[in-house]
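Hi,

Here's the structure I promised to pass on.

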Amino acid sequence: MVEKDDSKGVHRNSITRSNLTFVDTCFQVRTIVGRLLECWNPSREGRRQRHDSKCIQEIVGVIMSKLGDTVSSDVDNLVGVGCRVEKMISLLAMGVEDVRIVGIYGVSGIGKTIIAKVTFDKISNLFEGCSFLHEVGESSKKSGRQSLQERLLSEILMERGVKIKNVFEGINLTKQRLRHKKVFVVLDDVDHADQLEALAGNHDWFGQGSRIIITTRNKSLLYRNAVDETYEVSALNDNEATQLFKLNAFKKSYAEEEYDDKLSYHVVKYAGGLPLAIKVLGSFLGDTDNIVRKSALHRLQKAQEDRVLRKFTPLDTMSQGELLSAGPWGGEGGAKWSYKPRGAIVKIVVGHGLIIDSIMFESKHEDGSQEYSPKFGGDGGSATEIVFDSPAEYLTGISLTYGMMEGVIGFISITSILLRTNVRKYGRFGSETGISASSLVKGGTIVGFYGRGGSFVDALGIYARPKRNASCAPSKFKDLHSFLRDRDKAERGSALGGLHKLEEDEILRQFSTWDAISLCVGPWGGEGGGEWNYEPSGAITKIVIGHGIIIDSIMFIGKNDDGLEEYSPKFGGNGGSPTQIDFDHPSEYLTGISLTYGTGTFHTISQTGTINDVLSITSLRFITNVKAYGPFGSETGTFASSPSRDCVIAGFHGRAGLALDAIGIYAKPKYS
């Protein structure tokens, strides 16, 4: 609405910005300026005629800068935001007339959106058009990418009624309308690459001087879309976290009671510098009485000091080095690579022909965001995409073969792969030639892969851990806040006690799961004899090996929790000389084995009279956390080895008849 005072010739804008959306504000400002120009005769002022659109843009810029100042006037009251916004603006390099895309990443609740919003409010007046698209990932799921494209163009061009039929039309329209405009765009909480491809697919979509900010929890999205700079938002330091907690809990920067200072200290340690968690806990405890606060202090202290809980590390915070690993199997060519995603693997793309040329992974985090690996290997072969029905379906094992490429001497690579889930098998991909290897996870899931790669996949191994259960993640604080917001003091106090007990139960429950996982690796060797299996209830303390030219037999002695010895049968025949290995239990434990297997000692005769060699184990070597034992037998044939880190060998399996035909292991975490 515009009011005109005829006596003074003054026009007044009666817009109340707080009651309008950003787009509506822009439309009304543009309308007001247009009417002002209609009433203005520049010839009477002796000024040179200028194009209306340019004049409108300048006046809109001035007005919007004033509106922006009111929005960002409270930045100083946002703890820890000011310095992070300064860092963000420096990465935008405002003095450079190019198109620049900057990504902000970090865990949920760390403050990515507020940093982007304050930055937007501070500098949006420097651009010809601007747009802040909030919660892009969620909006894309609800309304589709074309609705986001419509919002983007409406806000930047200040035009109502922008309609787009499909995403491809939206991409073309964005390029046509914005390639000569200096724009500022924030794409907040992006969780999939196709959202970026639809909204900011390339630098040349926008005019010189444009700046694009992307916020995401998925760092790999930024690298896939060639951003110019990335900014990982760090957690609040102790001083910032304490100040934020006190402002939310006590509405001031200091605590009046001594136990409130102690409470602040323990909350800050508990929350780990996560702003959202500190705000939720501050708001919750700030509305409770002294009795509940003292109870909270006692429980937080107990959680930090409890030696039983402190002895373990919850699965959600385990370092990647604490995963069970098996392999890698294959050759020594190419470069080392490793993929340990934060979420579950939901897709694998295998490039294959006569061998495995490449492998690539996609995973999904608990918050729904996706993570993409690079392509490990070369560009040959045909691509096959395997999509798992996550979370119901998950990886439990692989079997593979490796050997020299046909016609290429000296280069060993992975020749075939078969993948197993809790539901079905996928493959086999490639050609099943060379040496076989396999690994099956019992009570857990494969959560990552590692190996070597160059022009193809040279070697491949796995990382495993227990099947993850739902646990407390930063994003869950939002649900917690919604639940507690409308509760009275008594219910909040009860909730605090319940949460503490739930935390203890969850940690203990997760560790009982961790203790139950085992990694089944192998067996290596032949197909003769019958299957055998040895999984003792306690630790393996002795091994008796019958050996000569080959491994004739193997027998195990374990000790259960009551200190009683358990004896396995003898697996294999009666040949060879026996050697007994005694481990210094409990300080010494098995961590790995190496072996060779081949033919030449035993033969079978088929019904047609053909003599066939029988594969058997020709040598064995045992590795503990203290030393190595062996090798026993003769090291001839094909070499193989098991994991020798991050695990304890808890059992063996294989095949045996007149000799030890095949052997494999069961591995468990060394923390069990």
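Before the sheet, a bit of terminology: two strands pair if DSSP finds at least two bridges between them, and helices (H or I, at least four residues) and strands (E, at least two) are DSSP runs numbered from the N terminus. Also, this is a predicted model, where local features need pLDDT of at least 70, side-chain atom pairs count only at pLDDT 80 or more, and totals for chains, interfaces and linings use all residues. Residues are numbered from 1 along each chain as its sequence is written, and side-chain values use heavy atoms, with hydrogens and water left out.

Overall, you're looking at 16 helices and 33 strands. Of the 672 residues, 49% count as buried (under 20% relative accessible area, with exposed over 50% and partly exposed in between; 1.4 Å probe, protein chains only).

Now that sheet. It is open and has 5 strands in the order S4-S5-S6-S3-S7, with parallel pairing. Strands S4 (129–133) and S7 (229–232) sit at the edges, each pairing on one side only. Inside the sheet, S3 (residues 100–105) and S6 (residues 211–216) run parallel and are joined by 6 bridges; Arg100 has Arg211 in S6 as its bridge partner. Helix H6 (residues 145–157) packs on the sheet, where it touches S4 and S5 (183–190), and its direction makes about 145 degrees with that of S4. (Axes are lines fitted to C-alpha atoms, for helices over the stretch in contact, and angles run from 0 to 180 degrees between N-to-C directions; contact means heavy atoms within 4.5 Å.)

On to the cores, meaning sets of buried Ala, Val, Leu, Ile, Met, Phe, Trp, Tyr and Cys residues joined through side-chain atoms within 4.5 Å. The largest has 63 residues, and Trp532 is among those that touch the most other members. Leaving out residues up to four places away in sequence, Trp532 touches residues including Ile554, Phe571, Phe652 and Arg655. A second, separate core has 32 residues, among them Ile171 and Phe206.

Is Thr401 buried or exposed? Thr401 is buried, because its relative accessible area is 2%. Its side chain makes a polar contact with the side chain of Ser416 at 2.5 Å (a pair of N or O atoms within 3.5 Å; within protein, one must be able to donate a hydrogen and the other to accept it, and residues adjacent in sequence count only if both atoms are side-chain atoms). The Thr401 side chain also reaches the backbone oxygen of Thr433 at 3.4 Å.

Cheers
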